[in-house]
Amino acid sequence: MTTNKINNIVIAIAMEAEAAPFIQHLSLQPVTDFFPSTTPFLAYQGTHHQCNLTVITNGKDMVHGTGVDNVGTIPAALSTYLALSQLNNDGAESSVDLLINAGTCGGFKKMGAQVGDVYLTTSVAHHDRRIPIPSFTDYGIGKIESAQVINLASSINAKMGVCTTGNSLDAHDLDHFHMDKNQASVKDMEAAAIAWSCALHQTPHFGLKVVTDIVDGDKPTQEEFLENLHTAAVSLQEALPKTIEYICGKGHDEL
């Protein structure tokens with residue numbers, strides 16, 4: 001584990017609606033030439049509590065012409081990889097000390113999750129990369145440990161648990177079986193992909209997730225998600241500055 005003090009932070013947020021309140025709250029400014037012009041990704045930069053912040057979002061779908069947010073593992077992995085490459089190649093002063101994957105998630109009632117809860121990830125894994133060939137099984141699950149942030153969790157009154165990632169908003173029985181095997185407390189569509197890109201760059205990372213819907217509840221996921229998205233985005237805007245303020249200037253072993 002690196003002992004460097006944390007000064008440069010990347011915050012990866014998939015959806016613009018999730019990111020907007022935080023960007024506005026900290027008056028972060030767009031950086032139009034941060035990503036290659038062929039990509040839809042967006043970047044914003046500024047400072048808070050003497051830390052340099054870069055917020056990246058996945059932008060809108062141009063390939064299929066829908067104009068919806070680029071959710072899911074493919075845009076998340078690519079935007080994260082490009083952002084870390086850009087910042088780390090700019091020299092030691094801009095080298096990324098930590099990446100926070102912030103956003104919304106589904107929560108599991110049986111693991112104690114409730115709508116509005118803030119979770120910090122202990123690890124991430126896939127539940128829909130099912131490759132029933134012995135030498136590929138662990139790769140498919142793709143479990144990656146998160147940075148240890150137990151002190152941060154206590155400071156901001158967050159819960160902790162495993163985040164399981166899949167490319168569908170809903171979940172069928174086979175998904176539930178594998179989510180249970182992952183011992184997941186929360187479910188999203190990007191965390192494990194972002195962690196993979198961080199691992200390539202050897203960048204410490206963790207997820208900060210706000211629960212919008214209950215995966216093992218009675219309401220349809222899409223209805224509950226849309227109903228609570230705005231409230232969760234506001235909660236994220238409240239939790240993220242507190243997180244930055246706690247982290248900045250500390251060593252990773254203090255988190």
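Modeller: The sulfur of Cys 198 lies 13 Å from the closest cysteine sulfur, that of Cys 163, which is too far for a bond, given that a disulfide is taken as a pair of cysteine sulfur atoms within 2.5 Å. This is a predicted model, in which local features need pLDDT of at least 70 and side-chain atom pairs count only at pLDDT 80 or more, while totals for chains, interfaces and linings use all residues. Residues are numbered from 1 along each chain as its sequence is written, and side-chain values use heavy atoms, with hydrogens and water left out.

Cys 198 counts as buried because its relative accessibility is 0%; buried here means under 20% relative accessible area, exposed over 50%, and partly exposed in between, with a 1.4 Å probe and protein chains only. Cys 198 belongs to helix α6, residues 191-201, whose buried residues also include Ala 195 and Ser 197. Helices are DSSP runs of H or I with at least four residues, strands are runs of E with at least two, and both are numbered from the N terminus. After α6 comes Gln 202, which has a positive phi near 55°.

Cys 105 also has Cys 163 as the closest cysteine by sulfur position, and because the distance is 6.4 Å, that too is too far for a bond. With 3% relative accessibility, Cys 105 is therefore counted as buried.

By the distance rule given above, the protein has one disulfide. The bond is between Cys 51 and Cys 248, with 2.1 Å from S to S. The two partners come from distant parts of the chain, 197 residues apart: Cys 51 is in strand β4 (residues 51-57), whereas Cys 248 is in the segment after α7 (221-247). The torsion about this S-S bond is about -135°, so the disulfide is left-handed. Cys 51 counts as buried because its relative accessibility is 0%, and Cys 248, at 11%, is therefore counted as buried as well.

Of the contacts (heavy atoms within 4.5 Å) between residues at least 6 apart in sequence, 73% join residues at least 24 apart. The C-alpha trace spans about 45 × 45 × 40 Å along its principal axes.
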